[in-house]
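Notebook open, structure loaded. I want to look up the core first, then a helix, then the ligand site.

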Amino acid sequence: MALLEWVGPDDARMRAVCDLRHEVLMAPFGVPRDDAWGDDDPASHHLLAVEGERVVGYTRLIVHGEEAQIRHVAVAFDRQRTGIGRALIEEACREAVVRGVTRAHLNARLPAVPFYERLGFVVISNEPFPSGRTAQPHVRMERVLERGDP
Ligand SMILES: CC(C)(COP(=O)(O)OP(=O)(O)OC[C@H]1O[C@@H](n2cnc3c(N)ncnc32)[C@H](O)[C@@H]1OP(=O)(O)O)[C@@H](O)C(=O)NCCC(=O)NCCS
């Protein structure tokens, strides 16, 4: 099973994170590689899922007061559907609670909506909207967090 680790933007494995984000989130839509992900943003906290030396999953938690956004959730293609995505989201929500967050939100690609629903997120936007570099249709989802949650 993958281990989860919070790292800073200068961690050497953030190179592998750039590879993963491009491969999983951008390349399938023909988006040219661009590693300008704003990783130095001081409000961003980076969560890796690692198996040995390999980064197999990633997400970013962005905290603004009692609100947080979860972004760039990516699991390596050959490791999807093995529980890594769930582990990343649950750990991001746990960390958010520790930081005083009461509400986590995200923009979900439509194929990922059932995944987030399994993790307690609900759709709060009406119509899907294009988002990010892929311009794929997304919906806004949120999960109310409580102390002791998950
Ligand atoms: C979406 C993604 C993050 C899910 O991560 P994962 O590691 O494959 O998911 P998990 O194995 O942790 O699945 C957790 C649960 O969600 C379900 N699930 C996962 N992906 C699903 C999907 N696309 N549709 C329906 N259910 C899904 C699993 O079956 C599992 O259900 P269970 O609790 O009944 O066992 C991953 O598939 C991925 O990186 N996809 C491509 C990039 C992407 O779409 N990122 C999200 C951008 S908003």
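This is a predicted model: local features need pLDDT of at least 70, side-chain atom pairs count only at pLDDT 80 or more; totals for chains, interfaces and linings use all residues.

Core first. I looked up the largest nonpolar core and got 33 residues, of which Val56, Tyr58, Ile70, Leu88, Ala92, Ala96 and Ala104 touch the most other members.

Helix 1, strand 2 (44-51), strand 3 (54-64), strand 4, helix 2, strand 5 and strand 8 (136-144) each put in at least two residues. Helix 2 gives the largest share, six residues.

Skipping neighbours within four places in sequence, I find alanine 104 in contact with Ala68, Ile70, Cys93, Ala96, Glu142, Arg143 and Leu145.

On to helix 2. Which of its residues are buried? I get Ile84, Gly85, Leu88, Ile89, Ala92, Cys93 and Ala96. Looking down the axis of helix 2, I see these buried residues fall within an arc of 165°, so they line one face of the helix. I also ran a length check: at 1.5 Å a residue, the 15 residues should span 21 Å, and the end C-alpha atoms are 21 Å apart, so the two agree. After helix 2 comes glycine 100, with a positive phi near 90°.

Last, the ligand. I count 19 residues around it, and the closest are Gln80, Gly85, Arg86, Pro114 and Phe115. By class I have eleven nonpolar, four polar and four charged residues in that shell. Helix 1 (14-26), strand 4 (67-75), helix 2 (84-98), strand 5 (103-109) and helix 3 (113-118) each supply at least two of the shell residues.

Technical notes: Residues are numbered from 1 along each chain as its sequence is written. A residue is near a molecule or strand if its C-beta atom, placed from the backbone, lies within 6 Å of it. Helices (H or I, at least four residues) and strands (E, at least two) are DSSP runs, numbered from the N terminus. Ala, Val, Leu, Ile, Met, Phe, Trp, Tyr, Cys and Pro count as nonpolar, Asp, Glu, Lys and Arg as charged, and the others, Gly among them, as polar. The expected span of a helix is 1.5 Å times one less than its number of residues. A residue is buried if 20 or more other C-beta atoms lie within 10 Å of its own, exposed if 12 or fewer, and partly exposed in between; C-beta atoms are placed from the backbone. The arc is that of the directions from the helix axis to the C-beta atoms. A nonpolar core is a set of buried Ala, Val, Leu, Ile, Met, Phe, Trp, Tyr and Cys residues joined through C-beta atoms within 7 Å. Two residues are in contact if their C-beta atoms, placed from the backbone, lie within 7 Å.
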